[in-house]
Amino acid sequence: MASHADHPAHLQHHFVSSEQQFDSAKMGMWLFLITEILLFSGMFVAYTVYRVWYPEMFAGMAELLDWRLGGLNTLVLLASSFTVALGIHYAQVDNKKGLVTNLILTFVFACIFLVVKYFEYSAKIEHGIVLGDGFAPHGVSHGVDYASFDVPMAQQFFSIYYVMTGIHGFHVLVGMGLFAWITVRAIKGEFSSAYYTPVELCGLYWHLVDIIWIFLFPLLYLI
Amino acid sequence: MSVNYLNHDKSIKSWLLSLDHKRIGIMYLVAVALSFLGGGILAILVRTELLAPGQTIMSADAYNQSFTLHAVLMIFAFIIPAVPAVMGNFVLPIQLGAKDVAFPRLNLASFYIYLAGAAIVLSALAVGRIDGGWTFYAPYSMTIGDSILFITAGVFVMGFSSILTGLNFIVTIHKMRAPGLTWNRLPLFIWSIYATSIVQVLATPVIGITMVLLFLERLLGIGIFDPALGGDPVLFQHFFWFYSHPAVYIMILPAFGIISDLMGTFSRQQVSGYKFVALSSVAIAFLGFLVWGHHMFVSGQSAVSSVVFSLITYLIGIPTGVKVINWVQTMHRGSVWLQTPMLYALMFLFTFSIGGFTGVMLGVLAVDVHLHDTYFVVAHFHYVMMGGNVIAALGGLHYWWPKMTGKMFNETLGRIGAALVFIGFNTTFFPQFIMGTQGMPRRYYDYLEQFTNLHVLSTIGSYILAVGLFLIAGYLLHSLFRGRKAPANPWGGLTLEWTHTTTPPHPHNFEETPIVTRGPYDYHLAPELFQKGEGDGFGSEVVSVTPSSTHSD
């Protein structure tokens, strides 16, 4: 058995090589992402069932959502996917400054996403479009008469909207926590071309969060 | 005494914060055994209440709460984690020739997540009454009060534990195998844990989101399962069974793995049709995802769906039959050594075959309409879960007990315990098949006079079963203090946990990474077992084989 002096600091004792450790971590992350897709799949099924049952109601309610804000958020997330991919690239070429800058940019984009989401939510809640029992659309703003949306089963659309975007938003929040954590580690200089597993894994997670939004945006806002 | 995983550090902290898969396995063993005890006591109470029609020992409400908690504890806190988390954790890395699972910290986290989930479920009792069985069908579950919030939250949390364990095992099996341990040389226990893990990873998230939706339904009234708001209660059933049917395979697949290992080891023979047995686990895992609708033949799903689900359900009989036939063939070709673990394997063949066959019967559309929600169903799933999983788990526990604890249990008491379990189990549940066909509905507090004799028989059976299980617990615990010291390889097994490590295992499992040169049941390539007159199992109760670090063919 090789002595401890031969081991890189990041190599855990039960792995034979850094490569084995990296491959294992990456495979574990992919499996986790599959579980995430299945978590959302339940909601996508519910969406599909109720959309087929109530096509007109869904089409009508979708008009209440502001596609411009949704579109803006789509662009923000796409940009953040780009920056995190760039961050991984900089880690691979030992460019610490590039890595830190791009991680911070990703974090900022995630913030922007949630701020926009906050404004979207509050504009709805203000007019009585809430999740669950208090649902009672009322008031007029920007030329939209919310009361006219108080139709049977209308709540179903917004339950799905809030649950799906809410759980997605929670994932964005978790992503921000992860990026804060690895940014600190990156500033401390823990990552290099020899070891950047956490950056890569957070990047994978973040791409998944983006991809889910890429499906949510057209399904909820556009069609 | 040499250094082993039990004695290298004895402090409480070294146990509670241990990253060692063996210690985590033992902690799981304690936790699931307590869950089994709790669920078992409730079962005895339920059976005692059913000794006579009308009220016997408890009110109808207490009865409903008892069978609900019995089911929730047994399913989520006992049977799902039992084999993978206890024996999978303890045995899997050693059988792979690895020092540990791929993610030891995640493994420890899984254990505490499991405990937290179980605690949340139990706290439901403090909040209010529970009811509705383990299925929590909406809209009824919405009416039982806030306790449903705790049950859904607890099941959600325990689901994470299951997912993380499965994920950990899949990566470990893919990435941590010892040199020479090809996929075709994996012990069949590993294959079955692999199939189980796939189901855990793919199915559990769906129950997770279902529990989230049910939680929000109760908390906020989001209407997703509420017909008054345009929702659909049948959608809940689809979601629920999309997880819970595959979950049946989370329960039974590891049991298949144990039985395969027992058949090979105690028949001193290669397991017949190794590849078929291995891949049939994967096939069952795959097909298991396509049959959830057979729980809903009378729930109002379309007739076409029911026919398709019924047909796919029959298909599951094929890979399952492949296993049973190969096990019998293994014994036929081998020389069977009837030690306690093997008795459980034989018992399993009998009880599981009944459970599996009645499962096919219930998959028949017309028959199911008659038998749906009767005691026939109760008997069927107890024959699969208890007659399948628990009996295999007992076999596995006896098989690996010497390796886990370093002590031999009393063989005579082991045989008596096995006999009591077998008699008690069949006396409890076989009458329930008969009652079911005669129309006794499940979950009922009261029953018609005509069912009295069969109910009494069933209850007496449950007492015999309880005596058997307490006897087993008794002699196993006794062996910890007074048991004979176990040799490294008491059963003459050929997998790495028997041939390449001490008993109990070294903290890092192996002094040197083993090199695997033969299959898990290649007795014809293991002259060292037979040349010394050992290994065939005849003439000595316990054989001993000194572990060596490498083998040559």
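View 1. Chain A has six helices and two strands (DSSP runs, numbered from the N terminus: H or I of at least four residues for helices, E of at least two for strands). Along the sequence these follow the order α-α-α-α-β-β-α-α. The C-alpha atoms of chain A fill a box of roughly 75 × 30 × 25 Å along the principal axes. The model is predicted, with local features needing pLDDT of at least 70 and side-chain atom pairs counting only at pLDDT 80 or more, while totals for chains, interfaces and linings use all residues. Residues are numbered from 1 along each chain as its sequence is written, chains are lettered from A and ligands numbered from 1 in the order in which they are written, and side-chain values use heavy atoms, without hydrogens and water.

**View 2. The contact between chain B and chain A.** Chain B gives 36 residues to the contact and chain A gives 36 residues (contact: heavy atoms within 4.5 Å). The two chains bury about 3,000 Å² between them, 71% of it on carbon and sulfur atoms (buried area: accessible area, 1.4 Å probe, that two parts lose on being put together, summed over both). Lys99(B), Lys175(B) and Ile209(B) supply 17% of the area that chain B buries against chain A, more than any other three residues.

**View 3. Helices of chain B that face chain A.** H4 (104–127), H5 (147–175), H6 (188–220) and H7 (233–267) of chain B each supply at least two residues of the side that touches chain A. The largest share, 10 residues, comes from H6(B).

**View 4. A nonpolar patch on the surface of chain B.** Val30(B), Leu34(B), Leu37(B), Ile41(B), Leu45(B), Ile57(B) and Phe470(B) form this patch, with about 650 Å² of accessible area together (Shrake-Rupley method, 1.4 Å probe, only the protein chains shown counting as cover for residues). Patch residues have over 30% relative accessible area and no salt bridge, and nonpolar side chains (Val, Leu, Ile, Met, Phe, Trp, Tyr) are joined within 5 Å, like charges within 9 Å. A salt bridge is a side-chain nitrogen of Lys or Arg within 4 Å of a carboxyl oxygen of Asp or Glu. Helix H2 (residues 21–49) of chain B gives the most to the patch, with five residues.

View 5. Most residues other than glycine have a negative phi, and most peptide bonds are trans. Ala138(B) and Pro139(B) are joined by a cis peptide bond, with omega about 5°. Arg443(B), not a glycine, has a positive phi of about 70°.
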